[in-house]
Amino acid sequence: MVEDNLKLVLKELPPGVKLVAVSKFHPKEDILKAYNAGQRLFGENRPQEFAAKAAELPSDIEWHFIGHLQTNKLKMVLPYASVVESIDSKRLLDAVEKWGSEHDKVIDVLLELHLGAEETKGGFTEEEIEEILSQPYPHVCFKGLMGMATNTDDKAVIEADFLRIETFKKRLDEKYHLRDFAELSIGMSHDWPLAVRHGATIVRIGTAIFGPREY
Ligand SMILES: *Cc1c(COP(=O)(O)O)cnc(C)c1O
């Protein structure tokens, strides 16, 4: 099942677009199925679960952290994460910078642009991101943007969200010419083909690979 689902996604995914297999809430056995089928990049969104899986699963797995991260949980996540995709507040960013400085490490991150309805939480405005990019963070490497489209079946609404983040990414590229700022992480199980058409370089797919989650 997992192997077949993974193959189906990979068959449709254009070369150059990275697949983060989102394994949250799924057991290690399922991750190993995908691993044995060749998948090496996985994503988790809860610090405790992330740390436990990362410590026990093969060390050549690359882990992206994709969930809301509280500053008191950094030590569970930063030792294992190759990229923290979900930097969504100045407070968190400052804490990551401080951790990097204390551990003499540079942390790769994406900045989360707030998309969708006003009341949905999480992420920066365009203005906040521009302000961050104009300031020095010696222990943080900004790798690009992350976004979650509005949770809806309305394709037009999702497309408007993707167009907004795609356009903003292009504007940042033209204005700042940031060397490492290459990634656009958009697209989940139900909307990733649309995300790819809007410039996604990373898609984060859970349900379509591992099946529904039981909360
Ligand atoms: C859970 C999650 C996903 C994957 O969602 P699916 O709909 O299961 O593909 C992607 N991105 C983030 C930030 C998530 O929390």
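A residue is counted as near a molecule if one of its heavy atoms lies within 4 Å of that molecule. The model on display is predicted, so local features need pLDDT of at least 70 and side-chain atom pairs count only at pLDDT 80 or more, whereas totals for chains, interfaces and linings use all residues. Residues are numbered from 1 along each chain as its sequence is written, and side-chain values use heavy atoms, with hydrogens and water left out.

Select the ligand first, then the residues near it. Val 22, Lys 24, Ile 66, Met 146, Met 148, Met 188, Ser 189, Arg 204, Ile 205, Gly 206, Thr 207 and Arg 213 surround the ligand. This shell divides into six nonpolar, three polar and three charged residues (Ala, Val, Leu, Ile, Met, Phe, Trp, Tyr, Cys and Pro count as nonpolar, Asp, Glu, Lys and Arg as charged, and the others, Gly among them, as polar).

An N or O atom in the Lys 24 side chain is 2.7 Å from a ligand oxygen. For Thr 207, a polar side-chain atom lies 2.5 Å from an oxygen atom of the ligand, and for Arg 213 the distance from a side-chain N or O atom to a ligand oxygen is 2.8 Å. The protein buries 92% of the 390 Å² that the ligand exposes when taken alone (accessible areas by the Shrake-Rupley method with a 1.4 Å probe).

How values were computed: A polar contact is a pair of N or O atoms within 3.5 Å; within protein, one must be able to donate a hydrogen and the other to accept it, and residues adjacent in sequence count only if both atoms are side-chain atoms.
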